[in-house]
Amino acid sequence: QSVPYFYKGYWYITRYEKGLEYPVFSRKKDSLENEEEILIDQNELATNHAYHALGGMQVSPNNLLMAFGEDTVSRRIYTIRFKDLESGEVLEDVLQNTTGNVAWANDNKTVFYTQKDESLRSYKIFRHVLGTPQSEDVEIFHEADETFNTGVYRSKSGAYIIIGSGATVSNEYRFLSADTPLGEFTVFQPRERHLEYSIAHYKDHFYVLTNLDAKNFSLMRTSVNATEKPNWEAVI
């Protein structure tokens, strides 16, 4: 069993049962003494599959829904599904040919996800609204440079949806308020060869781990309203 961790009112636990191959994912509200709520029993999902991988389990901001990805062919190509955590029912929404991960917007019905091309490169970001077919999803970003991969995630602060693109010696990020999923993404710092960086949000600043003017890497920060590198300042 994993060490339980507390997040937004729940203790989350991953455990194995004797004789079974896959884990059981569960949570307990408020206290570890309370009744266990099974989120996913992977042993049940894996029934009738020679191979089964589970990824991208992301609970919605209101704690009522969960997205998860399944790969049953061992190609790191995941099908994303959604579960109603109150009723236990799996929704009809199905997102094919993905990395398995989603980023939830704060409306609890919009998610962003990544698709792969024929070479399994993560190259496109789409927006999906629950209750609509995948054919109606909107393409948000296309990483046309074949030397880059892309992906999308929700900042740990919960304030932003972030699209990242990366190659061996270069990175680029875009961000959007999680409160306005229909809005336009803003480029954080345009890609430059040999400029590597990653970002994290806290209050009024983005914190930047970067090789800019550093032999290895240094920690810098910048206002959420001025994100390009002339505005970066060292964190002491």
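Which residue forms a salt bridge with Glu37, and how far apart are the closest N and O atoms? I started my notebook with that one. Arg27 is the partner, and the closest N and O atoms are 2.9 Å apart. The pair links distant parts of the chain, with Glu37 in strand 4 (residues 37-41) and Arg27 in strand 3 (residues 24-29), 10 residues apart. A reminder to myself: this is a predicted model.

Next I looked up how open each partner is. Glu37 has 22% relative accessibility, so I put it down as partly exposed. Arg27 has 2%, so it goes down as buried; the cut-off for buried is under 20%.

**Other salt bridges**

I ran the search over the whole structure, and it came back with 11 salt bridges. I picked out a few.

Lys124 pairs with Glu139, and here the closest N and O atoms are 3.4 Å apart. Lys124 belongs to strand 10 (residues 122-129) and Glu139 to strand 11 (residues 138-142), so I noted another link between distant parts of the chain, 15 residues apart. Lys124 counts as buried because its relative accessibility is 17%. Glu139, at 39%, counts as partly exposed.

Then I went to Glu143, which forms a salt bridge with Arg191 at 2.7 Å between the closest N and O atoms. Both sit in loops: Glu143 between strand 11 and strand 12 (149-154), Arg191 between strand 15 (186-187) and strand 16 (197-202). The pair therefore ties together parts that are 48 residues apart in sequence. Glu143 is buried at 3% relative accessibility, while Arg191 is partly exposed at 27%.

Which residues are linked with Glu143 and Arg191 in a network of salt bridges? I found Glu172 and Arg174 there.

**Thr222**

My last stop was Thr222, which I located in strand 18 (residues 218-223). Is Thr222 buried or exposed? Its relative accessibility is 2%, so it counts as buried.

I then checked what its side chain reaches. The backbone oxygen of Ala226 is 2.2 Å from the side chain of Thr222. The backbone oxygen of Asn231 is 3.5 Å from a polar atom of that side chain.

For contacts, I left aside the neighbours of Thr222 within four places in sequence. What remained was Phe188, Asp204, His205, Phe206, Thr227, Asn231 and Trp232.

How values were computed
Residues are numbered from 1 along each chain as its sequence is written. This is a predicted model: local features need pLDDT of at least 70, side-chain atom pairs count only at pLDDT 80 or more; totals for chains, interfaces and linings use all residues. Side-chain values use heavy atoms; hydrogens and water are left out. Helices (H or I, at least four residues) and strands (E, at least two) are DSSP runs, numbered from the N terminus. Buried means under 20% relative accessible area, exposed over 50%, partly exposed in between (1.4 Å probe, protein chains only). A polar contact is a pair of N or O atoms within 3.5 Å; within protein, one must be able to donate a hydrogen and the other to accept it, and residues adjacent in sequence count only if both atoms are side-chain atoms. Contact means heavy atoms within 4.5 Å. A salt bridge is a side-chain nitrogen of Lys or Arg within 4 Å of a carboxyl oxygen of Asp or Glu.
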